[in-house]
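Please look over the chain shown below. Some questions on its fold follow.

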Amino acid sequence: MKLFLSVALTCGLAAMATAEQIDNPQYTQWARFKVGAYVTMKSTTDMGEFKTENEMTTKLISLTPEKAVIEMTGVSIAMGNKVEMPPQTTEIPAKMDKPELPAGLDPGAEGPKPTTSEGEEEVTIDGRTVKCKWFQSVIEDAGNKTVSKSWICEDVPGNVVKVETTMEGQTKMTSATWVVSFKTE
């Protein structure tokens, strides 16, 4: 029995040692700010008769060298019904296992490839102007054309400033998410 436990422990430790640890990008984003920093975002989705509106606040409530803890609260309105989200906390470890590329996302795989572009643009949030990098992708597949554009800024908690997506063709959809306010300290 001791031999079995010894072998099992050795194999378990060897398996743990093979997982390469990297800095967790989500932790790095929040670690630049002081406890109490927050971001409030609104979003809308319109798929014909199905429309939703959301407002979500994410707040940094604890920060150590090992982890960040964020709390999310919000409200959602769908089909005329308002639902308040109770506070939910999430621990974000400073380190994480290096992710492997999922099989379906192989860059050499067959299938439609998006057209991408990027640039810089200033965005005004609650009277403050922030410099953003934006990234856009356009992909056509199965009778639909999807255009998605994201604005990112390291000076805003969570980094995401705005995201807009439209789908035209067999399926029609528009979606927008944007920061309405934020505090960094």
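The questions and answers below go from the whole chain to one strand pair.

This is a predicted model, in which local features need pLDDT of at least 70, side-chain atom pairs count only at pLDDT 80 or more, and totals for chains, interfaces and linings use all residues. Residues are numbered from 1 along each chain as its sequence is written, and side-chain values use heavy atoms, with hydrogens and water left out.

Q: In what order do the elements of the chain run from the N terminus on?
A: Helices (H or I, at least four residues) and strands (E, at least two) are DSSP runs, numbered from the N terminus. The chain has 2 helices and 11 strands. Their order is α-β-α-β-β-β-β-β-β-β-β-β-β.

Q: What share of the residues of the chain counts as buried?
A: Buried means under 20% relative accessible area, with a 1.4 Å probe and protein chains only. The chain has 185 residues, and the buried share is 22%.

Q: Which strands are the edge strands of the open sheet?
A: The open sheet holds 9 strands in the order β5-β4-β3-β2-β11-β10-β9-β8-β7, with antiparallel pairing. Two strands pair if DSSP finds at least two bridges between them. Each edge strand pairs on one side only, and these are β5 (81-93) and β7 (115-125).

Q: Which residue in β11 stands opposite Thr 44?
A: Strand β2 covers residues 38-47 and strand β11 residues 173-183; the two pair in the antiparallel sense over 9 bridges. Opposite Thr 44, the residue in β11 is Ala 176.

Key: Buried < 20%, exposed > 50% of the residue type's maximum accessible area, 1.4 Å probe, protein only.
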